[in-house]
Amino acid sequence: MVTFKLPLSILLIFLLLNIFQCSSEVLYIPVTKDASTLQYIVEVGQKTPLIPTKLLLHLGGKSLWVDCTNSTTHTSSTYKSAVCNSTECSMAKSYGCGDCKFRSELQPGCNNNTCYIWGENPIKKMYHDGSEVAEDVLTIGSSPGVLVTSPRFIFTCLIDPSMLEKLANGVTGVAGFGQTTPITVPNQLGSDPRFSRKFGMCLSSSTTSRGVIFIGPNPYYVYNPKKIDISNSKDLAYTKLLVNKRGFLLTDEYYFQMSSIRVAGQDVPLNKTLLIINKKRHGTDGTSISTAIPYTILHTTFYDSVKTAFINALPKNVTIVEPPPMSPFATCFSSENIKNTNVGPDVPPIDIVFYKPSVFWRISGANSMIQVSKDVMCLAFVRQDQTWLPSIVIGGYQLEENLLVFDLPGRKIGFSSSLKLKQTSCSQYDNTIMDKVPF
């Protein structure tokens with residue numbers, strides 16, 4: 001047998017080109033909304049033999065992690081823990097390396113001479129400090145795109161059943177879609193030149209149909225039933241994507257540049273210094289996005305200003321309901337005199353203004369109001385003390401039926417208006433096999 005020694009640079013290129021087996025430039029990852037928790041869930045196939053695995057979608061997560069507590073269920077012939085000081089450990093930005101000492105027998109999540117990172121449950125706001133860096137087979141995607149297989153996808157494996165608390169039923173880990181760490185889902189998938197480090201996220205407002213994440217360069221299509229490019233630059237408002245450092249560490253959360261909030265076309269009085277990331281206070285303030293919280297959180301002073309402007313812009317025959325009947329909402333109304341439109345309740349629009357007044361993202365009634373009973377609807381924002389946190393955190397409800405385009409190389413993020421204006425929705429990304437299970 002003849003063997004050949006290839007230069008390392010050529011070998012790395014060869015591995016890069018072959019790490020994912022696919023034939024399409026856009027990968028479709030279905031996203032479901034859990035009815036009881038309002039969490040967004042993606043499903044992947046993992047291990048050998050392949051097992052369907054449900055994961056919480058965490059836009060600011062540093063890695064894909066799964067619970068490996070039960071060694072009898074988490075078995076895989078292709079599982080391999082990362083070796084200390086390896087490339088995998090470096091990519092994961094591990095904080096330490098060593099041997100497993102808390103179990104009598106080695107297993108996935110507990111091996112010797114391996115490295116570790118922090119695992120995060122963003123719902124419980126809990127961290128685990130012994131998440132083992134590893135690699136295994138991963139499959140992801142569905143119709144109308146392709147099923148992508150990575151034979152050596154880097155993820156983390158942790159042994160701590162409490163890390164699954166407060167996650168939706170059947171969910172056994174977290175899919176981190178953060179922007180900075182090399183082993184996040186978009187960064188690993190984007191290493192294939194047939195894709196890119198660019199993705200679109202379109203969350204469905206329904207718990208019975210699915211939204212989608214598009215991995216790869218646009219166009220991104222939905223149907224109504226005609227084919228519509230929802231990623232057309234003319235339909236998106238772009239702003240600068242920011243990286244923040246919380247304390248001494250870079251965060252994977254997505255922050256973006258904004259300058260003001262408008263209600264019914266009028267600027268709301270705000271302390272605008274709170275819209276800028278405060279580096280002197282370890283990365284507090286600014287505006288971020290999270291798929292781990294259901295409703296947008298506003299700094300108390302921001303909420304009060306928006307509430308006042310919103311009430312003043314409503315028709316005089318709309319009455320306030322006191323006390324608010326449902327937590328966490330603080331401002332509610334009788335829905336008797338609020339008409340319905342193709343973009344939800346007919347209420348004053350709320351605009352998130354980016355770097356200049358003409359560039360903004362409009363939040364219409366379908367995303368600003370929530371029906372809490374037959375006769376009552378509430379302003380779907382949460383008033384909260386954010387002194388040591390982002391001043392605004394955009395939550396999932398406000399993102400539903402909108403397309404967000406994350407251009408990581410270009411350091412920008414694009415927002416569409418509600419797809420209801422185009423008489424379509426995020427669930428209409430596949431007009432042929434809409435309800436087919438991906439695995």
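This report describes strands, a pocket, cavities and backbone details of one predicted model.

## Basis of the model

The model is predicted, and local features need pLDDT of at least 70, side-chain atom pairs count only at pLDDT 80 or more, and totals for chains, interfaces and linings use all residues. Residues are numbered from 1 along each chain as its sequence is written, and side-chain values use heavy atoms, with hydrogens and water left out.

Helices (H or I, at least four residues) and strands (E, at least two) are DSSP runs, numbered from the N terminus. Four such strands make an open antiparallel sheet, in the order 20-19-27-28. The edges are strand 20 (266-267) and strand 28 (360-363); each has a single partner strand, so one side of each has no neighbour in the sheet. Two strands count as paired if DSSP finds at least two bridges between them. Strand 19 (residues 260-263) is joined to strand 20 by 2 bridges in the antiparallel sense, and Arg 262 is opposite Asp 267 of strand 20.

Helix 4 (residues 300-313) packs on this sheet and touches strand 19 and strand 27 (350-353). The direction of helix 4 makes about 20° with that of strand 19. Contact here means heavy atoms within 4.5 Å; axes are lines fitted to C-alpha atoms, for helices over the stretch in contact, and angles run from 0 to 180 degrees between N-to-C directions.

Strand 15 (residues 236-242) is mostly covered, with 5 of its 7 residues buried. Buried means under 20% relative accessible area, exposed over 50%, and partly exposed in between (1.4 Å probe, protein chains only).

Strand 15 runs antiparallel to strand 34 (residues 412-416), and 5 bridges join them. In this pair Leu 236 is opposite Ser 416. Strand 15 also pairs with strand 18 (residues 254-256), in the antiparallel sense over 2 bridges, and there Leu 241 is opposite Phe 256.

## Thr 287

Thr 287 belongs to strand 21 (residues 287-289). Thr 287 counts as buried because its relative accessibility is 1%. Leaving out residues up to four places away in sequence, Thr 287 touches Tyr 254, Tyr 255, Phe 256, Met 258, Leu 275, Ile 392 and Ile 394.

## The largest pocket

On a 1 Å grid over the protein atoms alone, a cavity is a set of points where a 1.4 Å probe fits but cannot get out, and a pocket is an open set with protein on both sides within 12 Å along at least five of seven lines; lining residues have an atom within 4 Å of a point. Grid points are joined across faces, edges and corners, and a volume is the space filled by probe spheres set on the points.

The largest pocket has a volume of about 1400 Å³. It is lined by 48 residues, of which His 58, Glu 120, Pro 122, Tyr 127 and Glu 253 are the closest to its centre. Elements giving two or more residues to this lining are strand 3 (51-58), strand 7 (114-121), strand 17 (249-250), strand 21 and strand 31 (381-384). Strand 7 gives the largest share, 4 residues. The lining has 25 nonpolar, 15 polar and 8 charged residues, where Ala, Val, Leu, Ile, Met, Phe, Trp, Tyr, Cys and Pro count as nonpolar, Asp, Glu, Lys and Arg as charged, and the others, Gly among them, as polar.

## Two cavities

There are 2 cavities of 30 Å³ or more. The largest cavity holds about 60 Å³ of space. Among its lining residues are Ile 261, Thr 296, Val 306, Ile 392 and Ile 394. Strand 22 (296-299), strand 27 and strand 32 (392-394) each supply at least two residues of that lining, which comprises 9 nonpolar, 1 polar and no charged residues.

The second largest cavity holds about 40 Å³. Its lining includes Ile 29, Leu 64, Ala 175 and Phe 177. Strand 2 (40-46) and strand 8 (126-140) give two or more residues each to this lining, and the lining has 9 nonpolar, no polar and no charged residues.

## Backbone details in loops

Most residues other than glycine have a negative phi, and most peptide bonds are trans. The bond between Thr 48 and Pro 49 is cis, with omega about 0°; Pro 49 lies in the loop between strand 2 and strand 3. The bond from Asn 218 to Pro 219 is also cis, with omega near 25°, and Pro 219 is in the loop between strand 12 (211-215) and strand 13 (221-223).

Lys 125, in the loop between strand 7 and strand 8, has a positive phi of about 55°. Lys 125 counts as exposed because its relative accessibility is 66%. Lys 166, in the loop between strand 9 (148-158) and strand 10 (171-176), has a positive phi of about 75°. Lys 166 is exposed, at 58% relative accessibility.
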